[in-house]
Amino acid sequence: MNLAKAFDCLNHEMLIDKLCACGSSRPATKLIYSHLKERQKRVKINGSFSSSKQPSLGVPQGSVLGPLLFNSFINYFFYFVKDAEICNYADDIAIFAYGSDMRSILKSLVEDASLLSLWFENNYVKMNDDKIHFLVFGSKEKDVTVSISGSLIQECDAEKILGVTLDKTLSFKNNANNLCKKASRKLHALRRESKYMESKS
C-alpha cells in the first residue's frame with residue numbers, strides 16, 4: 001500500500017493532538033505548532049511570484065523533523081490491525097499474513113486492509129489506488145483477486161518493496177537482473193565518458 005502525497009496532506013490540528021497523546025510536553029508542542037503554522041509559501045513562474053499563502057496541511061520536507069512528525073501521525077494505525085502484520089517505512093506500507101489456508105489468509109488481509117483504508121480516510125490521508133498490489137508466496141493458485149474498499153486488486157508476479165524486487169518463488173532472480181541492468185547502464189555511461197577523462201598514474 002502507498003499513500004498519495006502523504007507528507008503534504010497531514011492535518012495540523014490532528015497531528016498536534018496525536019503528539020499530545022504521545023506525551024509531548026506543552027512547550028515542545030507549541031514550538032512544533034508554530035513551526036507548522038507560521039510558514040509562507042509562494043509559486044514562481046517565469047520570474048513572477050504569486051502572493052504568499054499560509055499552508056493549512058502538510059509537514060516540511062527535506063528536514064529531520066518532517067519524517068518524525070509524519071511517523072508520529074500515522075503510527076496509530078498499528079492499533080487497528082487485528083490479524084495481519086505490518087512493515088512500513090514512511091509512506092510505504094506492507095501488510096502481510098501467513099498460514100496453510102489461502103482463504104483464511106486472504107480474509108485476514110482483506111479485513112485488515114479495509115480497516116487501514118478506513119483509518120486513512122478518517123484521518124484525511126489518501127491511499128494511492130494505483131500502487132496497491134498483493135503478492136502470494138508458495139501457492140500454486142493462479143489469478144487470485146481480492147477486493148479492498150470496493151476496488152478489485154489483481155495478484156502480481158513480482159513487486160518492488162523498499163528497493164528489493166520480490167517474486168512469487170522468492171528466487172530473487174528479478175532483483176539480481178534489475179541490479180545487473182542498472183550496473184550495466186552505468187558501466188556503459190562510464191565507457192562513453194572515459195575518452196574525456198584523464199588518467200593519473
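Tutor: Helices here are DSSP runs of H or I with at least four residues, and strands are runs of E with at least two, both numbered from the N terminus. This is a predicted model, in which local features need pLDDT of at least 70, side-chain atom pairs count only at pLDDT 80 or more, and totals for chains, interfaces and linings use all residues. Residues are numbered from 1 along each chain as its sequence is written, and side-chain values use heavy atoms, with hydrogens and water left out.

Student: What follows helix 1?

Tutor: In general, most residues other than glycine have a negative phi. Helix 1 is followed by glycine 23, with a positive phi near 100 degrees.

Student: Where else is phi positive, in a residue other than glycine?

Tutor: Asparagine 46 is one case, with phi near 50 degrees. Asparagine 46 sits in the loop between strand 1 (44-45) and strand 2 (48-49). Tyrosine 124 is another, with phi near 60 degrees, and its place is in the loop between helix 4 and strand 5.

Student: Which residues of helix 1 are buried?

Tutor: Start with the geometry: an α-helix has 3.6 residues a turn, so residues three or four places apart point the same way. In helix 1 (residues 12-22), the buried residues are His12, Leu15, Ile16, Lys18 and Leu19. They lie on the same side of helix 1 because they cover an arc of only 160 degrees around the axis, taking the directions from the helix axis to the C-beta atoms. On the other side of helix 1, Asp17 and Ala21 are exposed.

Student: What do the buried residues of helix 1 pack against?

Tutor: Contact means heavy atoms within 4.5 Å. The buried residues of helix 1 pack against helix 2 (26-37), helix 3 (65-74) and helix 4 (102-122). Helix 3 has buried residues too: Gly66, Leu69, Phe70, Ser72, Phe73 and Ile74. Their cover includes helix 1, helix 2, strand 3 (85-89) and helix 4.

Student: What is found at the start of helix 1?

Tutor: Look for a polar contact, a pair of N or O atoms within 3.5 Å; within protein, one must be able to donate a hydrogen and the other to accept it, and residues adjacent in sequence count only if both atoms are side-chain atoms. A side-chain oxygen of asparagine 11 reaches to within 3.0 Å of the backbone nitrogen of glutamate 13.

Student: How many salt bridges does the structure hold?

Tutor: A salt bridge is a side-chain nitrogen of Lys or Arg within 4 Å of a carboxyl oxygen of Asp or Glu. The structure holds two. In one, lysine 37 meets glutamate 13 at 3.7 Å, N to O. Lysine 37 lies in helix 2 and glutamate 13 in helix 1, so this pair ties together parts 24 residues apart in sequence. Glutamate 13 is partly exposed, at 40% relative accessibility.

Student: Where do glutamate 111 and lysine 107 lie?

Tutor: Both lie in helix 4, four residues apart, about one turn of the helix. Glutamate 111 is partly exposed at 37%, whereas lysine 107 is exposed at 52%.

Student: Which residues does leucine 3 touch?

Tutor: Leucine 3 belongs to the segment before helix 1 and is buried, with a relative accessible area of 2%. Not counting residues up to four places away in sequence, leucine 3 touches Phe70, Asp91, Ile93, Phe120, Val125, Lys126, Met127 and Asn128. Compare serine 117, found in helix 4 and buried at 12%. Leaving aside neighbours within four places in sequence, serine 117 is in contact with Met127 and Ser149.

Student: Which residues form a nonpolar patch on the surface?

Tutor: Patches are made of residues with over 30% relative accessible area and no salt bridge; like charges are joined within 9 Å, and nonpolar side chains (Val, Leu, Ile, Met, Phe, Trp, Tyr) within 5 Å. Accessible areas come from the Shrake-Rupley method with a 1.4 Å probe, and for residues only the protein chains shown count as cover. Here Phe137, Val164, Leu170 and Phe172 form the patch, with about 330 Å² of accessible area together. Phenylalanine 137 lies in the loop between helix 4 and strand 5 (145-148) and is partly exposed, at 40%.

Conventions:
Buried means under 20% relative accessible area, exposed over 50%, partly exposed in between (1.4 Å probe, protein chains only).
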